[in-house]
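Trainee: I am new to this structure. Please take me through it in questions and answers.

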Amino acid sequence: MRRVVMILALLLLIFFGMYHKTGEYISSVYVSEAKLGLVGVSKDSLTFILTLVVPNPITLDLKYTSHNFSVYYDDNILAIVNTSSGMLIGGSKNTIIYTGQLPIEALKEWFYYHASHNWHSTFYAKGKIVVEFGPIKAPIYVHSKIEELHSNPFVEIVNKEFLGQRKDVGYYKLQYPSVKFSKVTWDGKTLRMKITYINNSTSPILIQFPTYEFRANNILLGTTITDSILIPGESTVESEIIIDTDTQNIGKFLLSHFSNGEKTVFELSMEGTIKYLGITKRGKIFDIKFEYKTHIFSQ
């Protein structure tokens with residue numbers, strides 16, 4: 001009987017010692033990787049998955065309960081995701097997958113923030129995973145960086161000269177002015193830019209009531225008409241352009257962007273009636289296209 005009691009006491013010591021050791025080392029469980037993946041795009045939301053890689057260096061399996069996680073950009077919440085209960089296998093890297101919906105209105109709010117903060121934002125996963133081993137419960141607090149996004153779409157056009165076209169009009173060759181863009185800013189609601197027109201010919205060019213358009217994947221984001229522009233021969237003229245964005249179309253642009261593998265072709269164009277050497281012709285004076293990419297969701 002005494003021997004049985006000693007064996008039971010030893011087992012209890014081992015048992016409680018094991019729990020004590022487990023309690024000590026649960027804090028060594030951590031999240032080593034967090035990433036987003038796009039699952040689908042509908043007319044009013046994105047469906048995505050949040051994947052966390054959680055190494056469990058303890059040799060014991062740890063159960064975790066169902067819980068919620070939040071996806072943030074900087075200090076702003078973007079979406080909430082949830083998971084059911086599961087198991088973190090001991091001595092292994094474990095993958096936890098969450099599914100979430102991102103409404104278009106929340107996506108638009110992120111875009112306005114991102115564009116107005118110099119096209120920079122950082123995505124995080126925040127929350128806690130509560131693990132269990134017998135009577136022991138312990139939270140693993142998570143604040144993991146997903147992606148830091150720098151994505152100004154206008155970098156490739158600023159201070160670059162786009163040569164004007166040459167058009168045959170009867171016996172004449174019509175030389176359109178070249179253009180350069182600078183100080184281009186867009187906060188998602190208003191596009192502002194300085195355009196320098198360069199007339200390399202000796203004859204003056206008059207552009208009457210030019211119309212400027214701003215498009216994304218062929219979706220019209222904004223348009224404006226300005227006063228006529230006179231560009232003397234062999235000279236340059238600068239013009240400040242402001243185009244207000246149609247906020248109703250921002251959602252269409254964003255859905256198009258993510259449906260297209262996070263790529264958009266922006267287009268800045270100007271159409272007007274040009275007078276040159278007695279020639280009058282209506283048409284597009286310039287049509288500049290450039291690509292914008294993001295890498296928020298894993299491809």
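Trainee: How do helices H2 and H3 lie to each other, parallel or perpendicular?

Mentor: This is a predicted model, in which local features need pLDDT of at least 70, side-chain atom pairs count only at pLDDT 80 or more, and totals for chains, interfaces and linings use all residues. Residues are numbered from 1 along each chain as its sequence is written, and side-chain values use heavy atoms, with hydrogens and water left out. The axes of H2 (residues 104–116) and H3 (residues 247–259) come within 10 Å and cross at roughly 95 degrees; axes are lines fitted to C-alpha atoms, for helices over the stretch in contact, and angles run from 0 to 180 degrees between N-to-C directions. Angles under 35 degrees count as roughly parallel, over 145 as roughly antiparallel, 65 to 115 as roughly perpendicular and the rest as oblique, so H2 and H3 are roughly perpendicular.

Trainee: How do the residues of the contact of H2 with H3 divide into nonpolar, polar and charged?

Mentor: Contact means heavy atoms within 4.5 Å. H2 brings Ile104, Leu107, Lys108, Trp110, Phe111 and Tyr112, and H3 brings Thr247, Ile250, Gly251, Phe253, Leu254, Leu255 and Phe258. Ala, Val, Leu, Ile, Met, Phe, Trp, Tyr, Cys and Pro count as nonpolar, Asp, Glu, Lys and Arg as charged, and the others, Gly among them, as polar. The division is 10 nonpolar, 2 polar and 1 charged.

Trainee: How many helices and strands does the protein chain have?

Mentor: Both are DSSP runs, numbered from the N terminus: helices are H or I with at least four residues, strands are E with at least two. The chain comes to 3 helices and 20 strands.

Trainee: How many aromatic pairs are there?

Mentor: A pair of aromatic rings is described by the distance of the centres and the angle of the planes. Rings of Phe, Tyr and Trp (its six-membered ring) pair if their centres lie within 6.5 Å; planes under 30 degrees apart count as stacked, over 60 as edge-to-face and the rest as tilted. By this rule the count is 27 aromatic pairs.

Trainee: Which strand does the aromatic pair of Trp110 and Phe123 tie to helix H2?

Mentor: The rings of Trp110 and Phe123 are tilted, 5.9 Å centre to centre with 45 degrees between the planes. Trp110 lies in H2, so its pair with Phe123 ties together parts that are 13 residues apart in sequence, the other part being strand S8 (residues 120–133).

Trainee: Are Trp110 and Phe123 buried or exposed?

Mentor: Buried means under 20% relative accessible area, exposed over 50%, and partly exposed in between (1.4 Å probe, protein chains only). Trp110 has 2% relative accessibility, and Phe123 also has a relative accessible area of 2%. Trp110 is therefore buried, and Phe123 is likewise buried.

Trainee: Where do Phe253 and Phe266 lie?

Mentor: Phe253 and Phe266 form a tilted pair, 5.6 Å centre to centre and 45 degrees between the planes. Both residues are buried. Phe253 lies in helix H3 and Phe266 in strand S19 (residues 263–276).

Trainee: Over which ring does the charged end of Lys126 sit?

Mentor: A charge sits over a ring if NZ of Lys or CZ of Arg is within 6 Å of the ring centre and within 35 degrees of the ring normal. The charged end of Lys126 is 4.3 Å from the centre of the ring of Tyr72. Lys189 lies over the face of Tyr112, at 4.8 Å from the ring centre. For Lys126, the ring is that of Tyr72.

Trainee: Is Thr196 buried or exposed?

Mentor: Thr196 is found in strand S14 (residues 190–199). Not counting residues up to four places away in sequence, Thr196 touches Ser178, Val179, Lys180, Thr236, Val237 and Glu238. Its relative accessibility is 14%, so Thr196 counts as buried.

Trainee: What is the phi of Lys183?

Mentor: Lys183 is in strand S13 (residues 178–186). At 62% relative accessibility, Lys183 counts as exposed. Lys183 is not a glycine, yet its phi is positive, about 50 degrees.
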